[in-house]
Amino acid sequence: QLIAGFLAARNFDVTRPGDSEADLCVNGHRVEIKFSTLWANGIYKFQQIRDQNYAVLICLGLNPFDARCWAIPKSLLKEHVIGVMGQHGGASGRDTAWMSFEPDYPYAWLKPYGGRLDAALQVMRSLLPRP
């Protein structure tokens, strides 16, 4: 609801996707959302990242005095996260992934896709244009 309200207030068209493969449709693009608060060791951990039917993953990280956000194309996730950073062990442990990093030190490949809310908003405008 935080992301839906944030985007709707900035003139994005936000609707429900009609299935459980994505959390929202934004300007007609399927979007998955992950959330993390700041862990005691100073990291965000975005969990349960799966290879489902969405185009962009939005990761929102909150702590008491700051908010960070990244909008990541699924193609980039498939290159760096999905099938690479397995969350669960065992033979079938590659279907669910996670990302962990300090807010000021995201992965190098992630830096162009957000950080501060205004930067993430610009990325979202680029990745989620109106049809």
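This briefing walks through the salt bridges of the structure above. The model is a predicted one, so keep that in mind as you explore. Side chains of opposite charge can pair when their charged atoms come close.

**Arg30 and Asp19**
- Arg30 and Asp19 form a salt bridge through their side chains, with 2.6 Å from N to O.
- The two residues are eleven apart and link distant parts of the chain: Arg30 sits in strand S3 (residues 29-37), while Asp19 sits in the loop between strand S1 (14-15) and strand S2 (24-26).
- Arg30 is buried, at a relative accessible area of 15%, whereas Asp19 is partly exposed, at 38%.

**Asp51 and Lys74**
- A salt bridge also joins the side chains of Asp51 and Lys74, at 2.7 Å from N to O.
- Because Asp51 lies in the loop between strand S4 (44-49) and strand S5 (56-63) and Lys74 lies in helix H2 (residues 74-80), this pair ties together parts 23 residues apart in sequence.
- Lys74 is buried, with 14% relative accessibility, and Asp51 is partly exposed, with 43%.

- The side chains of Asp104 and Arg68 meet in a salt bridge of 2.8 Å, N to O.
- Asp104 is in the loop between strand S7 (97-101) and strand S8 (114-115) and Arg68 is in strand S6 (residues 66-73), so the pair connects parts that are 36 residues apart in sequence.
- Arg68 is buried, with a relative accessible area of 6%.

Conventions
Residues numbered from 1 in each chain as written. Predicted model: local features only at pLDDT ≥ 70, side-chain atom pairs only at ≥ 80, totals over all residues. Heavy atoms only, no water. Salt bridge = Lys/Arg side-chain N within 4 Å of Asp/Glu carboxyl O. Helix = DSSP H or I, 4+ residues; strand = E, 2+ residues; numbered from the N terminus. Buried < 20%, exposed > 50% of the residue type's maximum accessible area, 1.4 Å probe, protein only.
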